[in-house]
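Please have the sequence and the model open while I talk.

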Amino acid sequence: MTACGGGDSVAFTVNGVRVEKEELVYYMRDYSSLAAAEMESAYGVDSAEEGFWGGTYGELVPLEYLKAYTAERIARVKLEQLMAGEQGIETPLTWTEQHEDMEKQNRRRREDYEAGRVVYGSIERDFVTYFADMYYAMRAGLQEKLGLTEEAYAALVESRLETAEIQYKDMKVSPEDIA
């Protein structure tokens, strides 16, 4: 488990786990279309409008909305990982640790392939594939260990989110960062 250490790259922490700014920006890009659709539906704005992410629409500031939207989703995953850790299911918690683990797995997969051993899927995985495999295996293992239905699991995660200690550090992001 990695606790928060000072540093310019920390956007926020979730129960002491660092969320690096690079991770925040990555997921802001990933979630931008979902958040835009939500804002279009809820506020009647047009996300295709020139300068949308840098604009203000009454009380709505799309970039701030996207930051909050993304931070909540990241926090939810970090809490699931912490819960998994409590049950003995360890996963790399931080962006840096995840990328280091992905590289280590890719090296091992390459070595296995070159040695003629069976490697399922791509020899080298990108981050999307790596994270999906890690996250869904962790989630399934945790849900099974806790003996919870999907609904009960979701309720547990939601209750943990409500009591989580989230400390914002450097959340400065510009529209150009997510372009």
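Gln143 counts as buried because its relative accessibility is 14%; buried means under 20% relative accessible area, exposed over 50%, and partly exposed in between, with a 1.4 Å probe and protein chains only. This is a predicted model, in which local features need pLDDT of at least 70 and side-chain atom pairs count only at pLDDT 80 or more, while totals for chains, interfaces and linings use all residues. Residues are numbered from 1 along each chain as its sequence is written, and side-chain values use heavy atoms, with hydrogens and water left out.

Gln143 sits in helix α4. Helices here are DSSP runs of H or I with at least four residues, strands are runs of E with at least two, and both are numbered from the N terminus. Setting aside residues up to four places away in sequence, Gln143 touches Leu148, Thr149, Glu150 and Tyr153, where contact means heavy atoms within 4.5 Å. With Glu150 there is also a side-chain polar contact of 3.4 Å. A polar contact is a pair of N or O atoms within 3.5 Å; within protein, one must be able to donate a hydrogen and the other to accept it, and residues adjacent in sequence count only if both atoms are side-chain atoms.

Next, the packing of α4. Helix α2, residues 62–86, packs on helix α4, residues 127–146, at an angle of about 55°, with the axes 10 Å apart. Axes are lines fitted to C-alpha atoms, for helices over the stretch in contact, and angles run from 0 to 180 degrees between N-to-C directions. The two helices are therefore oblique to each other: under 35 degrees counts as roughly parallel, over 145 as roughly antiparallel, 65 to 115 as roughly perpendicular, and the rest as oblique. On the α2 side the contact involves Val77, Glu80, Gln81, Met83 and Ala84, and these meet Phe131, Met134, Tyr135, Met138, Arg139 and Leu142 in α4.

What about helix α3, residues 95–114, and α4: at what angle do they pack? The angle is about 100°, with axes 10 Å apart, and that makes α3 roughly perpendicular to α4. Trp95, Gln98, His99, Asp101, Met102 and Gln105 in α3 meet Phe127, Tyr130, Phe131 and Met134 in α4.

Last, Ala35, in helix α1, residues 21–43. Ala35 counts as buried, at 0% relative accessibility. Beyond its neighbours within four places in sequence, Ala35 is in contact with Tyr65, Leu66 and Tyr69.
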